[in-house]
Amino acid sequence: MANPWRVGLTRDILDARGEPAFGRAALAVLDQAPDLSWTYLPEVVPAITAEHAAEYDALYVNTARVPAAAVARSDCRLRVVARHGVGYDSVDIPAMTAAGVVVTHTPNPMPRPVATIALTFILALAGRLLQKDRLTRAGRWHERMEHMGMGLTGRTLGVIGAGRIGQELLRMARTFDLALLATDPFGAAVELRYVGARKVDLATLLETADFVVVCCLLNAATRHLIGAPEFARMKPTAYFINVARGPIVDEAALIEALREHRIAGAALDVFETEPVDPRNPLLAMDDVIVTPHSLCWTDECFHNMAATGLASIVDALAGRRPQFIVNRDVLDHPRVRAWLSP
């Protein structure tokens, strides 16, 4: 191999032992590819730089941002940015498209794991699991009558965002005899009926649901989609759950709604700013469950994400169109047309 393709993996994908968090098996996708060499970036970086883009043909990115500045120089070698995950709000998509850089993500492995964590939150909130755990550990056994849970039969689940993850959650929730609502400007009512859900507008969902779950993508239209007016519409007995992206929610408004007991509680795997500030009031609230944007991380989920994401790099550098391209307009870019099959 005189001039092999160079692939870089961001170092934030390694665990404390220096091993890939998704396991070594997925790396076979790269090891078995001809004319390709790969390595981890030398250090953990918050963002991809122009130096990285000049050194690598493809980058596999976990949490690092990919800003416009990364592809602004004339020596940009980068052809592919592959996201380890379904979200791509950390990547400047217009800039990548303008520079002729293909961006991929890994939507297929995510619906079941993320739907599972949403359902885990629903069950934990309904059963007041964490409160009862604390009672037991503190020797307050006889206070258990004061922490009655909420039965699910006949209650209503409202899902904001009826894509792959939202529909998977709706399918799974049918087991518990919940009434199912969904809101999504792009969701087809007929598809939702197949999973037993009724399509409604956001206001109706908020006013009706006992559990409101955010599953939509973060973009310009959904940033702060849920704020003070939306929390005011919810029932005081309802629970709010976010398994999507933190900035979809106005966190200050959520904190205020919880403090004033306008909603019953919340469960959050994501925050408006990550890592979350240890002084964030949400962390001290007994009626809030918090996890560090990782509850769906399992060996199965991470392996499937890595195998999918790394395969997209191998396909693209071999001239084959990857399966999950985010910025499909990039396929018309002269730079991309020169090396990627139509």
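Trainee: Buried means under 20% relative accessible area, exposed means over 50%, and partly exposed sits in between. So where does that put aspartate 315?

Mentor: Aspartate 315 has a relative accessible area of 24%, so it counts as partly exposed. Keep in mind that this is a predicted model.

Trainee: Noted. Which residue does the side chain of aspartate 315 meet in a salt bridge?

Mentor: Arginine 320, with an N to O distance of 2.9 Å. Arginine 320 is partly exposed too, at 42%.

Trainee: How many salt bridges turn up in the whole structure?

Mentor: The search finds 16. In general, oppositely charged side chains can pair when their charged atoms come close.

Trainee: Which residues are linked in a network?

Mentor: Glu51, Arg73 and Asp75 are connected by salt bridges in a network. For aspartate 75 and arginine 73, the N to O distance is 2.9 Å. Aspartate 75 is partly exposed at 38%, and arginine 73 is partly exposed at 36%.

Trainee: And what does glutamate 168 pair with?

Mentor: Its side chain forms a salt bridge with arginine 112, at 2.5 Å from N to O. That one ties together distant parts of the chain: glutamate 168 belongs to helix H6 (residues 164-173) and arginine 112 to helix H4, 56 residues apart.

Trainee: Is glutamate 168 buried or exposed?

Mentor: Buried, with a relative accessible area of 10%.

Trainee: Let's stay with H4. How many of its residues are buried?

Mentor: 12 of the 16, so the rest of the structure largely encloses H4.

Trainee: What's its span, first C-alpha to last?

Mentor: H4 reaches 22 Å, close to the 22 Å expected at 1.5 Å a residue.

Trainee: What comes after H4?

Mentor: Arginine 128 follows H4, and its phi is positive, near 50°. It lies in the loop between H4 and helix H5 (129-137), and at 23% relative accessibility it is partly exposed. As a rule, most residues other than glycine have a negative phi.

Trainee: Aspartate 35 isn't a glycine, so what is its phi?

Mentor: Positive, about 55°. Aspartate 35 is in the loop between helix H1 (28-31) and strand S2 (36-40), and it is partly exposed at 44%.

Trainee: While we're on backbone: where is the cis peptide bond that joins a glutamate to a proline?

Mentor: Between glutamate 274 and proline 275, with omega about -5°. Proline 275 is in the loop between strand S11 (265-268) and S12.

Trainee: And which loop has threonine 291?

Mentor: The one between strand S12 (288-290) and helix H11 (299-317). Threonine 291 is buried, at 15%, and its side chain makes a 2.5 Å polar contact with that of aspartate 269. Setting aside residues up to four places away in sequence, it touches Phe121, Leu268, Asp269, Val270 and Phe271.

Trainee: Switching to the core. Which residues of the largest one touch the most other members?

Mentor: Phe22, Leu157, Leu169, Leu170, Val213, Val243 and Ile313, out of 67 residues. Helix H4 (residues 111-126) contributes the largest share of that core, 10 residues. A separate core has 31 residues, including Cys216, Met234, Val249 and Ile255.

Trainee: What does isoleucine 313 contact, beyond its neighbours within four places in sequence?

Mentor: Val7, Ala58, Leu59, Tyr60, Val80 and Ala82.

Trainee: Last topic, aromatics. How many aromatic pairs are there?

Mentor: The whole structure has 4. Tryptophan 38 and tyrosine 40 make an edge-to-face pair, 5.3 Å centre to centre with 90° between the planes. Tryptophan 38 is partly exposed at 26%, whereas tyrosine 40 is buried at 16%.

Trainee: And why is the phenylalanine 231 and phenylalanine 240 pair called edge-to-face?

Mentor: Because their planes are at 75°, and an angle over 60 degrees counts as edge-to-face. The ring centres are 5.1 Å apart. Phenylalanine 231 is buried at 0% relative accessibility, and phenylalanine 240 is buried at 0% as well.

How values were computed
Residues numbered from 1 in each chain as written. Predicted model: local features only at pLDDT ≥ 70, side-chain atom pairs only at ≥ 80, totals over all residues. Heavy atoms only, no water. Core = buried A, V, L, I, M, F, W, Y, C linked by side-chain atoms within 4.5 Å. Buried < 20%, exposed > 50% of the residue type's maximum accessible area, 1.4 Å probe, protein only. Helix = DSSP H or I, 4+ residues; strand = E, 2+ residues; numbered from the N terminus. Contact = heavy atoms within 4.5 Å. Expected span 1.5 Å × (residues − 1). Polar contact = N/O pair within 3.5 Å; in protein donor to acceptor, adjacent residues only side chain to side chain. Phe/Tyr/Trp six-rings, centres within 6.5 Å; stacked < 30°, edge-to-face > 60°. Salt bridge = Lys/Arg side-chain N within 4 Å of Asp/Glu carboxyl O.
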